[in-house]
Amino acid sequence: MSWSEYLASSLEKFDVNLDNWADIPDRASAGIRTPYGYIDMSIMPVTYGTVQSPSFWEKLKTFSVPLEGPLWGLFLVIALLTSLAYFFLERDESGDGWTAEDPDEYKIEQSIVMGLTTLTQVGTFTPRTMAGEVLMLTFTFFVMILLAAYTANLAAVLVAADEVRACETLQECTRGRRRLCVAEGIHVDYLKEAHHKLYTHNMLVASDHDLKMKNLLDGKCAAALDSVSEYRLAKEDDKLNPGCTLRSVGDFPLATFKGGWMVKSDDFTERCTALLRDSLADLFLELEKDGQIADLEAKFYRESMVEGCDDNGNPDSKFSETDSFPIESMLGPIIIHLFGAILAFILYFRRKAKNESHPVANQIPSDACSDIRPLSGADASDISSLTAEMGALNAKLSHLFEKLS
């Protein structure tokens, strides 16, 4: 007796079969349906992957993983352009990096060194003009965001993650006449009805799901057919997924089915099957609309989770999937720095134009000292005489004040 025949026999005696059954076409043609399909019983191939540690080169470059490669390159370009802009704005000023008399080559070199070492907080710009201060304000803001993103991601990637590798298609898994594990029931029926070549050879049939997965785990076959719901449960079972390496094969199920309780839908006579079917369907629809089915399912899988595996079924201590900080996330600081650079150049040229149109009032002309000559002996004698006369005058004034007082 097949599973479908057993189900039909049970519904001759009862209104509802409360086991979880797949709602497949041959049962539907016999009038046997689920009141509401709340379980995903779609057929999917699964396999166990192998753990491969990262290579020496992959471990060596982990320090650069927190930021995407293009973002590293963008920082270098922006740092170099900002350094050249800083040199242009500050080259006539004396600061910590150079004096006004230093050659331009030296000033450019110092400016580039300060720009590139800003990320490590070693180098620093010390602008003397308003234009240079505005340029540095936006550039250091850009560097601050970049450094914060790097630091936040660094801790997650310093330990290089092991990688689980597995075959990517059912054809690849069973290549070379490697066997496929299946359990009795709809999986065998699917291969038969689909006229799949694996039905005629290389198929290892087990009596139940756990035995099928044990055969796969023991290496008796290269892949297995499973339902989506059973696969999710197997991932959380420490006996069926001890190394957290169980993986689905391919991107889509081989066949899509819903499942749940079963009733015989064409019974409208002696029993109340139709009424019970419709009532159950309405009840499950309300539970799904309220999100209660999803909450119960999430709670069930969460309570079944294997200790040591994360939410994706990977070992917590061995696997991490941290994405690099993308370049798009830095567009805001980059735009701010661009506007800051434009404003800095506006301030620079405005200051330069102001200085040219309003020269300094006390600026001494270049020919102002052309008639200055050194003191002669006669000049020195005259100065001494004048000093003596002023001393005598000062004495007379003092005597006069004493008499008046």
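Predicted model: local features only at pLDDT ≥ 70, side-chain atom pairs only at ≥ 80, totals over all residues.
Local features were taken at pLDDT of at least 70 and side-chain atom pairs only at pLDDT 80 or more, whereas totals for chains, interfaces and linings use all residues. Residues are numbered from 1 along each chain as its sequence is written, and side-chain values rest on heavy atoms, with hydrogens and water left out.

Two disulfides were found, a disulfide being a pair of cysteine sulfur atoms within 2.5 Å. In one of them, Cys-167 and Cys-173 place their sulfur atoms 1.8 Å apart, and the link is right-handed, with 90° about the S-S bond. Both Cys-167 and Cys-173 are buried, where buried stands for under 20% relative accessible area, exposed for over 50% and partly exposed for values in between, with a 1.4 Å probe and protein chains only. The sulfur atoms of Cys-181 and Cys-221 are 1.6 Å apart, and because the torsion about their S-S bond is about -90°, this disulfide is left-handed. Cys-181 belongs to strand 7 (residues 180–183) and Cys-221 to the loop between helix 9 (209–217) and strand 9 (223–227), so the pair ties together parts that are 40 residues apart in sequence; helices (H or I, at least four residues) and strands (E, at least two) are DSSP runs numbered from the N terminus. Cys-181 is buried at a relative accessible area of 0%, and Cys-221 is likewise buried, at 8%.

An unreviewed UniProt entry lists residues 71–89, 134–161 and 330–349 under "transmembrane region"; its positions are given in the numbering used here, feature names are shortened, and annotations may be inferred rather than shown by experiment. Residues 71–89 are 100% helix and 0% strand, with end C-alpha atoms 26 Å apart, while residues 330–349 are 95% helix and 0% strand, with end C-alpha atoms 29 Å apart.

Nine aromatic pairs are present, counted where ring centres of Phe, Tyr and Trp (its six-membered ring) lie within 6.5 Å, with planes under 30 degrees apart taken as stacked, over 60 as edge-to-face and the rest as tilted. Among them, Trp-72 and Tyr-150 have ring centres 5.6 Å apart and planes at 80°, so the pair is edge-to-face; this pair links helix 4 (residues 69–90) with helix 6 (residues 130–157), across 78 residues. Trp-72 is partly exposed at 24% relative accessibility, whereas Tyr-150 is buried at 18%. Ring pairs also link Tyr-86, Trp-98, Phe-125 and Phe-139 into a cluster.
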